[in-house]
Amino acid sequence: MENGAHRRYAEIMHDLEELIKDHIEHQTRGTPGRSKLKHLVPSVGTFFTPLLLEAAFKFQDDRRKISSRRFVPPSFNDIRLTLNSAQLMSLARNGSIDLVTFDGDVTLYDDGESLTDENPAIPRILKLLRQGTHIGIVTAAGYTDGAKYYERLHGLLDAVANAITEEEVEDPKVIILGGESNYLFEFDVHAESFLKYVPRKTWMLDEMRSWQEEDIQSLLDVAEGALRECIDSMQLSAQIFRKDRA
């Protein structure tokens, strides 16, 4: 039964892999709306790389015994790790990588913790920088002050600064995008906390430029009101910290 389940899962992943390849081919021809995947999943977006789903499933199944379970279906984490592995395998097989982005909490470090000097991800990130890959840390944490991001990411930022001093990296490209894409900082070895603020007007999308400040604050008023109502109705002991965009 186990071998049969493994084979069936692998066949499904292979079929999905082929659907994504077909979709990418249609993207290249400028006809993404005609792909089989688009007809099956109308909301599907753009794929920038193929996904080696069959190989990724076999790798994760060997580690997580997904097909060996009789009464426990694949979990969200099983699926996420399979997709992550498929993406990494594709990137590794198809040459150099221009940009790698990471989430902070529960990805580079535990929830609410910081990226400290001994974090095993740091040497790997430095290797990517030496290869010329740009690095982005994309986090929901919204700070207008680079010093706050330094507190959370000091292990990586110190390591990059040391790599420049040791001439291991010449011009590392590292950015921090925080507050749900509202605050952008770039690494600068000469800046305080090694982070230089990038004015929003220099990188905002055209769609974002059309947003009116009064509309933004009105939306935040609604969100804050809903939170306060929940606090009152559930008799919670809580504080709300409101920032200009979060």
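The second largest pocket has a volume of about 280 Å³. A pocket here is an open set of points on a 1 Å grid over the protein atoms alone, where a 1.4 Å probe fits and protein lies on both sides within 12 Å along at least five of seven lines; lining residues have an atom within 4 Å of a point. The volume is the space filled by probe spheres set on the points, which are joined across faces, edges and corners. The model is predicted, so local features need pLDDT of at least 70 and side-chain atom pairs count only at pLDDT 80 or more, while totals for chains, interfaces and linings use all residues. Residues are numbered from 1 along each chain as its sequence is written, and side-chain values use heavy atoms, with hydrogens and water left out.

Of the 18 residues lining the second largest pocket, M13, L16, L53, I79 and L83 are the closest to its centre. Helix α1 gives the largest share of this lining, six residues. The lining divides into 16 nonpolar residues, one polar and one charged; Ala, Val, Leu, Ile, Met, Phe, Trp, Tyr, Cys and Pro count as nonpolar, Asp, Glu, Lys and Arg as charged, and the others, Gly among them, as polar.

The largest pocket holds about 1,600 Å³ of space. Its lining has 39 residues, and N84, L88, V100, T101 and F102 lie nearest the centre. Here α4 contributes the largest share, nine residues. By type, the lining has 19 nonpolar, 13 polar and seven charged residues.

F102 also belongs to the largest nonpolar core, which has 29 residues; F102, L108, L129, I135 and I137 have the most contacts inside it. Such a core is a set of buried Ala, Val, Leu, Ile, Met, Phe, Trp, Tyr and Cys residues joined through side-chain atoms within 4.5 Å. Buried means under 20% relative accessible area, exposed over 50%, and partly exposed in between, with a 1.4 Å probe and protein chains only. The largest share of this core, eight residues, comes from α6. A second, separate core of 13 residues includes L19, I20, L37 and L53.

Aromatic rings also pair. Rings of Phe, Tyr and Trp (its six-membered ring) pair if their centres lie within 6.5 Å; planes under 30 degrees apart count as stacked, over 60 as edge-to-face and the rest as tilted. There are six aromatic pairs by this rule. In one of them, Y9 and F57 are tilted, 5.4 Å centre to centre with 45° between the planes. Y9 is in helix α1 (residues 2–29) and F57 in helix α3 (residues 53–64), 48 residues apart. Helices (H or I, at least four residues) and strands (E, at least two) are DSSP runs, numbered from the N terminus. Y9 is partly exposed, at 26% relative accessible area, whereas F57 is buried, at 2%.
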